[in-house]
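Me: Quick tour of this model, please. Start with whatever terms I'll need.

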Amino acid sequence: MILPKTIKETKERLIRKEFSCVQLVDSYLSNINSKNKELNAVLTISDEIAYRDAKKADEIIKNLGEEAFNEFPLLGVTVIHKDIFLTKGVRTTAASKLLENYVPVYSATVVNKLEKAGCIMLGKANCDAWAHGSSGENSDFGPTKNPHNQKYVPGGSSSGSASAVAANFSLISTATDTCGSTRLPANFCGLVGLKPTYGAVSRYGCIAMASSLDSMGHITSSVEDSRKIFNVTKGPDGFDATVARHSGIPVKDKLTIGVPNEFFVNGLDKEIVKNINEVKTKYESLGVKFKEISLPHTKYAISAYYIIQPAEVSSNLGRYDGIRFGDSRNKFGDEAKRRIMLGTYVLSAGYYDAYYLKAMKARTIISKEVYKTFDEVDAIIAPVSPTLPFKLGEKVSDPLKMYLTDIFAATANLSGIPSIAIPSGFAKNKLPLGFQLMGPRFGEDILFKLGEMYERN
Amino acid sequence: MAKLSSEDTKHVAKLAQLNLSEEEIKKFTIQLSNVLDYITQLNKIDTKDIQPTSQTTDLKNVYKEDKIDATRILTQEEALSGKDDTINGFFVVPRIIKK
């Protein structure tokens with residue numbers, strides 16, 4: 001069976017009875033069983049639940065026909081959840097040995113909402129342990145490979161989520177983005193990754209990394225699908241007090257994209273520069289205007305991030321004492337230990353003002369600068385990463401070098417704005433290229449409109 | 001500039017309840033010093049009279065009704081399900097008071 005590429009195609013072919021949901025599950029699971037050994041994208045397969053839900057979905061379609069999709073807009077859409085999202089009754093590890101045998105007693109809001117909309121869960125995706133990393137190599141269960149070339153990393157921390165969708169293990173996957181962890185792997189695997197506005201999607205039931213930065217995203221093959229998933233996952237759930245009810249910023253007919261010169265600096269790969277120029281040309285031919293802008297403080301974003309994030313990490317990982325669930329703190333891997341140590345240090349007596357308070361003030365300056373830009377432009381274009389996908393092992397011994405992979409991601413997380421990574425062709429070495437569009441808070445619809453314009457033309 | 005000593009690393013590890021080997025202390029001291037060195041570039045920003053940002057939602061004081069909702073509460077069995085070593089509905093914890 002040739003698997004569907006979009007939610008729309010899945011729906012149409014289910015209605016035409018080209019396949020059933022059970023047959024869809026058969027096909028995806030057979031892909032996982034034949035290729036996961038090499039890619040290591042999936043940590044747990046939930047085949048029993050998958051077949052149970054597929055049979056249920058087939059029954060609904062049999063009874064209601066096309067109308068089934070009004071009540072269940074994602075009926076038959078397969079999903080693999082990053083192993084950071086709690087799934088009731090299905091092992092959830094955060095890709096850490098500390099939680100190797102942890103089986104949650106409740107599910108994350110995102111998991112529940114997708115299930116209610118008709119999604120079929122196939123399993124749990126590998127990732128950097130505790131979502132700490134940019135390559136997938138920090139997983140305690142071994143690195144994930146990039147399906148485009150297995151010598152290369154798929155990007156992290158949502159490494160398995162991106163690798164799985166690129167390898168046709170599932171139509172969509174969930175991911176989290178604390179500093180590019182959804183956008184980078186989507187970019188490295190030639191997919192669409194959405195980091196929503198902070199406060200648009202509930203974090204309830206997700207293993208917390210840095211609570212003021214964590215955004216619940218997803219990875220799809222198209223912008224059109226990204227919009228459909230966001231429309232299901234967004235909105236208050238009564239469990240995460242930071243989630244606001246917001247109908248979204250209205251989208252103008254004529255759009256202007258800002259080009260911040262600080263994001264196109266020395267050190268940026270030449271192929272990426274050339275590719276983004278081609279993206280701009282295409283947009284211009286579609287009537288989109290470009291305007292040069294300046295965001296002089298965003299170059300400090302990664303420094304502020306590497307104070308605020310570890311500080312919050314050290315606090316969030318303080319709860320893992322092995323008493324109520326999970327193993328002892330000795331099971332933390334190197335990267336988790338590094339971040340706990342760094343966070344504990346910047347919060348400790350004598351250093352709080354110099355590091356943590358300073359970073360929170362820098363966050364104010366960076367955020368205000370970004371918000372003000374949206375008086376002039378509707379979105380901002382930037383590279384996702386300064387380099388093309390890199391090889392396994394290339395940055396693993398130098399934590400600072402690995403951290404700088406996310407230099408262009410930090411701005412969106414610090415200021416809480418949405419950002420979408422969109423694929424834009426391939427480099428000479430046949431690995432995917434892409435760009436990111438950032439928008440004002442609750443401006444997802446602007447990003448979707450621009451993204452759909454690009455992918456349809 | 002921001003140079004950690006191995007004593008600093010040991011102290012921080014103790015605060016964070018992490019047991020580190022001598023080798024780890026050596027490694028982390030170097031790696032953390034490098035990261036701290038990099039992030040001190042924040043000192044180039046003038047933050048005088050700037051208010052700190054701890055969150056970006058603009059929300060203030062989100063309340064909920066002070067009412068018990070059984071559907072939001074784990075049962076005792078569920079709450080204890082993550083551990084094998086429980087006694088009479090209690091978690092077993094390490095002894096912190098000497099006999």
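Reply: Two strands pair when DSSP finds at least two bridges between them. Strands (E, at least two residues) and helices (H or I, at least four) are DSSP runs numbered from the N terminus. The model is predicted: local features need pLDDT of at least 70 and side-chain atom pairs pLDDT 80 or more, while totals for chains, interfaces and linings use all residues. Residues count from 1 along each chain as its sequence is written, and chains are lettered from A and ligands numbered from 1 in the order written.

Me: OK. What stands opposite Lys195(A) in strand 10 of chain A?

Reply: Ser419(A). Strand 5 and strand 10 (residues 419-426) of chain A pair in the antiparallel sense, with 3 bridges.

Me: And strand 5 with strand 6 of chain A: how many bridges?

Reply: 3 bridges, again in the antiparallel sense. Strand 6 of chain A covers residues 215-220. There, Thr220(A) sits opposite Val192(A).

Me: Which way do the residues of strand 5 of chain A point?

Reply: Val192(A) and Leu194(A) point one way, Gly193(A) and Lys195(A) the other.

Me: Zoom out. What's the strand order?

Reply: In chain A the order is 1-3-2-4-6-5-10-11-9-7-8. That is an open sheet of 11 strands with mixed pairing. Strands 1 (42-45) and 8 (289-293) of chain A each have a single partner, so they are the edges and leave one side without a neighbour in the sheet. The twist averages 30° from one strand to the next.

Me: Which strands does helix 6 of chain A lie across?

Reply: Strands 1, 2 (78-82), 3 (120-125), 4 and 6 of chain A. Helix 6 (residues 159-166) runs at about 155° to strand 4 of chain A. Angles here run from 0 to 180 degrees between N-to-C directions, with axes fitted to C-alpha atoms (for helices, over the stretch in contact).

Me: Switching to helices. At what angle do helix 2 and helix 3 of chain A cross?

Reply: Roughly 150°, with the axes of helix 2 (residues 21-39) and helix 3 (residues 47-64) of chain A coming within 8 Å. The two are therefore roughly antiparallel (over 145 degrees; under 35 is roughly parallel, 65 to 115 roughly perpendicular, the rest oblique). Helix 2 of chain A puts in residues including Val22(A), Val25(A) and Leu29(A), and helix 3 of chain A residues including Ala50(A), Tyr51(A) and Ala54(A).

Me: Now chain B. What's the pattern?

Reply: α-α-α-β-β along the sequence, from 3 helices and 2 strands. The C-alpha trace of chain B spans about 55 × 45 × 25 Å along its principal axes. Of its 99 residues, 13% count as buried.

Me: How many residues of chain A are in contact with chain B?

Reply: 43 of chain A, against 35 of chain B. Contact means C-beta atoms, placed from the backbone, within 7 Å.

Me: Which helix of chain A gives the most?

Reply: Helix 12 of chain A, with 10 residues. Helices 10 (301-316), 11 (334-347) and 13 (399-403) of chain A are also among the elements giving two or more.

Methods: Two residues are in contact if their C-beta atoms, placed from the backbone, lie within 7 Å. A residue is buried if 20 or more other C-beta atoms lie within 10 Å of its own, exposed if 12 or fewer, and partly exposed in between; C-beta atoms are placed from the backbone.
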